[in-house]
Amino acid sequence: MKKIRIQDMSNHVGETVKLGVWLANKRSSGKIAFLQLRDGSGFVQGVVVKAEVPEEVFVTAKGLHQESSLYVIGEVTKDERSSFGYELQVKEIEVISEANNYPITPKEHGIEFLMDNRHLWLRSRKQHAIMKVRNEIIRATYEFFNENGFTKVDPPILTGSAPEGTSELFHTKYFDQDAYLSQSGQLYMEAAAMALGKVFSFGPTFRAEKSKTRRHLIEFWMIEPEMAFVEHDESLEVQEQYVSYIVQSVLKNCKIELERLGRDTSKLEHIQAPFPRISYDDAIKLLHEKGFDDIEWGEDFGAPHETAIAEHYDKPVFITCYPVGIKPFYMQPHPERDDVVLCADLIAPEGYGEIIGGSERVHDYELMKQRLKEHDLDESAYAWYLDLRQQGSVPHSGFGLGLERTVAWITGAEHVRESIPFPRLLNRLYP
Ligand code: 4AD
Ligand code: MG
């Protein structure tokens, strides 16, 4: 008997096949049982007709508990009514392992309960769909950068430096030295860009941020491209093309998942480069016009400000050239102004906030030395980084895209905790 997966059922219409599955849900009457089956590759309905199977098969089907694991044998048929398009006419059932009072039932559960059961919650339809979209974004990311001449480079996770400021570092011991978990691979990616020209990384990053919002994780995954000989405006073009590419890839390859999530795809279809740009100066003016009196030039935006600016557009928007005082030490000054830097944050629509932070980098040795001093950073820890500015330094730019915020936006998940398999949150390290 051929053992197949649900995702391959379309190639076996009319054949009798074997599937390893879990019972997601069940409905039955005296004559027929409908088994909602899942195997990780998809969901399919299994139909058990009392009159067409031996007595004990029907009895077994009726007595199955949610999330028990089974082998089922049956014939694959077409089913025009379901979005999946196929059904299994079940003939035999072999119970592998009975589930024991599975805690997550089709009724509504509170979020803390679901988070405590995250190891099981991942099995549910919506969570499954989000993980599939996450995977598609990762796949499309590799495809996009590989097709555009980038090389994947893996920066270290244990580091001695703090690219994004010292207040949010996870401290650890590295034998008898102090070390930190990486906040960003950027500084290492700059070195790699000088070796390979165009590079990108994809890995976990850590922020000991005491933030408890729907946009903040303690551990999140970041994609960090870095490009030699690429200036600020050119980097924005790469960013808008990249974000358009992943959105369009998800629309194309995750139709079933977006439908299962109830995502309004009309809001995603027109996400195509170019994206609008607004300077920080004009964004402040726009906020004042909209009645936000709580923010002055020189201050950083909060979530309500970002949302108000984003509402103005139906695509992601770049807010460019922030004040030097609220951005990290490595950003290149504006050529005509000393109060702002060549950077941009990309703000997603629909209130999802900043999904990309990026900039051109200081490539002048003296200026970098001065910046390290101004930011009270220990020059010896950054000696190699400074050295890059003495060994054939070139203009270069890069950016970091937060994967979970991007997944949340594209799937319409209301909180980033659902866009990563096992979220690390301010008050949660379990499971
Ligand atoms: O803006 P950030 O801090 O930029 C950097 O780390 C740069 N070194 C990147 C670079 O230029 N190579 O972070 C980049 C992105 C943010 O736009 C956001 O999407 C995400 O990372 N991010 C978070 N996502 C979830 N939880 C958090 N606590 C996050 N902090 C940042
Ligand atoms: Mg940022």
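Which residue does the side chain of Glu67 join through a polar contact of 2.9 Å? I will come back to that residue in a moment, after a word on the model itself.

This is a predicted model, in which local features need pLDDT of at least 70 and side-chain atom pairs count only at pLDDT 80 or more, while totals for chains, interfaces and linings use all residues. Residues are numbered from 1 along each chain as its sequence is written, chains are lettered from A and ligands numbered from 1 in the order in which they are written, and side-chain values use heavy atoms, with hydrogens and water left out.

To start with the whole chain, the protein has 13 helices and 16 strands, where helices (H or I, at least four residues) and strands (E, at least two) are DSSP runs numbered from the N terminus. The C-alpha trace spans about 85 × 55 × 40 Å along its principal axes. Of the 431 residues, 51% are buried, a word I use for under 20% relative accessible area, with exposed meaning over 50% and partly exposed lying in between (1.4 Å probe, protein chains only). Among contacts (heavy atoms within 4.5 Å) between residues at least 6 apart in sequence, 66% join residues at least 24 apart.

E4, residues 69-78, instead pairs with E5 in the antiparallel sense, over 10 bridges, with Ile73 opposite Glu92.

That brings us back to Glu67, which lies in the loop between H1 and E4. Its side chain makes the polar contact of 2.9 Å with the side chain of Arg123, a polar contact being a pair of N or O atoms within 3.5 Å where, within protein, one must be able to donate a hydrogen and the other to accept it, and where residues adjacent in sequence count only if both atoms are side-chain atoms. Glu67 is buried, with a relative accessible area of 7%, and, leaving aside neighbours within four places in sequence, its contacts include Trp22, Arg38 and Tyr102.

A second sheet is open, with three strands in the order E7-E9-E8 and antiparallel pairing. E7 (158-159) and E8 (171-174) stand at the edges with a single partner strand each, so one side of each is left without a neighbour in the sheet. E7 and E9 (residues 177-181) pair over two bridges, and Leu158 stands opposite Leu181.

Finally, helices H6 (residues 232-253) and H13 (residues 403-411) pack at about 45°, with their axes 11 Å apart. That makes H6 oblique to H13, given that angles under 35 degrees count as roughly parallel, over 145 as roughly antiparallel, 65 to 115 as roughly perpendicular and the rest as oblique. The contact is made by Val243, Ile246, Val247 and Val250 of H6 with Thr406, Trp409 and Ile410 of H13.

Key. Pairing = 2+ DSSP bridges. Axes fitted to C-alpha atoms, helices over the stretch in contact; angles between N-to-C directions.
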